[in-house]
Amino acid sequence: MTPDIVIGEFFFILVGVIFAITGGLCGKDAALKNRIPAATFWFILAFAFITGPWVPAWLIGICVIALATITAVWGVKPAAVDRPDPAHVEERASKLGYKVFVPALSLAVFALVAATVYQKLEMPTYLAVGTGAVLATVVGLVVTKAPAKFVAVDGARLTMDVGPVGILPQLLAALGAVFTAAGVGTVIADTVAKVIPAHNPLVGVIAYCVGMALFTVIMGNGFAAFSVITVGIGIPFVVAQGGNPIIVAALGLTAGYCGTLLTPMAANFNVVPAVLLEMKDKYGVIKSQAVTATLLLLVHIVLMYTLAF
């Protein structure tokens, strides 16, 4: 394997280990309802992350079906783990002060530096996020002086709090690839061609940006929408009219993110925070973001039309 694949698999294995620990905590909690299905869910997910490249693709497909079945039939509830006392949390936060933000900020800095290094080495820059996360974890342990075991225990606890929706972006991105392979983009292109006038870049830009946002609302993930809508609208109605493909692609993807702000399908962004914050209105996050999302979508249309042509 090439170095970039080795590094990437190392990150996947780390995530898989956290999933395995999560499954172990669920299995040990005798008071947890449906603890066996919950533990099985996390163990299957750990298996897929750790062994993915070395097992047949059909086996991973069966794992995905099993994960969906367990979630739909039994549900996946969090186990009871040792949660810190609120008073202790407040005391520690007061001592740390603004230093508590250092690990989070260092992640961004490390990721940026790593991306620059990987680019010079002609390696994929997506590895920078994992590199930044590992280094920021070390910084977090140094700053907080917390025991190393908290990385695993609190990581598993947060994983359980988020639940199965945490893997929704990956599944939806894979679904977008399936839609593209199935020719959904071509169908969309044929349909759009009957509705919008040809040789009109502005209309093409509007259709592409709005289409990205709407399809993201349906799919819950901008990556899933990107492959389908770019093939169906972005290339034939924007790039083919003379639009700069780099600018069109960059703004097209972030136009999809405007739809992410508006959909409960993006559960890990819009529903999980409402649950964790115990908001009375589970759609409160989406409602508060609606105006911002709409304005951002308009900005994307203006920027794409003025910068890409």
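Modeller: Axes here are lines fitted to C-alpha atoms, for helices over the stretch in contact, and angles run from 0 to 180 degrees between N-to-C directions. The model is predicted: local features need pLDDT of at least 70, side-chain atom pairs count only at pLDDT 80 or more, and totals for chains, interfaces and linings use all residues. Residues are numbered from 1 along each chain as its sequence is written, and side-chain values use heavy atoms, with hydrogens and water left out.

Colleague: How do you know that the axes of α5 and α6 cross, and at what angle?

Modeller: Helices are DSSP runs (H or I, at least four residues), numbered from the N terminus. The axes of α5 (residues 102–120) and α6 (residues 127–144) come within 7 Å and cross at roughly 145 degrees.

Colleague: What makes the contact of α5 with α6, by class?

Modeller: Contact means heavy atoms within 4.5 Å. Among the residues making this one are F110 and Y118 of α5 and L135 and V143 of α6. By class there are 15 nonpolar, four polar and no charged residues. Ala, Val, Leu, Ile, Met, Phe, Trp, Tyr, Cys and Pro count as nonpolar, Asp, Glu, Lys and Arg as charged, and the others, Gly among them, as polar.

Colleague: Why is T216 called buried?

Modeller: Buried means under 20% relative accessible area (1.4 Å probe, protein chains only). T216 has 0% relative accessibility, so T216 counts as buried. T216 lies in helix α10 (residues 201–219), and its contacts beyond four places in sequence include G256 and T260.

Colleague: Why does T260 count as buried?

Modeller: The relative accessible area of T260 is 10%, therefore T260 is buried. T260 belongs to helix α12 (residues 245–260); beyond four places in sequence, T260 touches T216, G222, A266, F269 and N270.

Terms used:
Helix = DSSP H or I, 4+ residues; strand = E, 2+ residues; numbered from the N terminus. Buried < 20%, exposed > 50% of the residue type's maximum accessible area, 1.4 Å probe, protein only.
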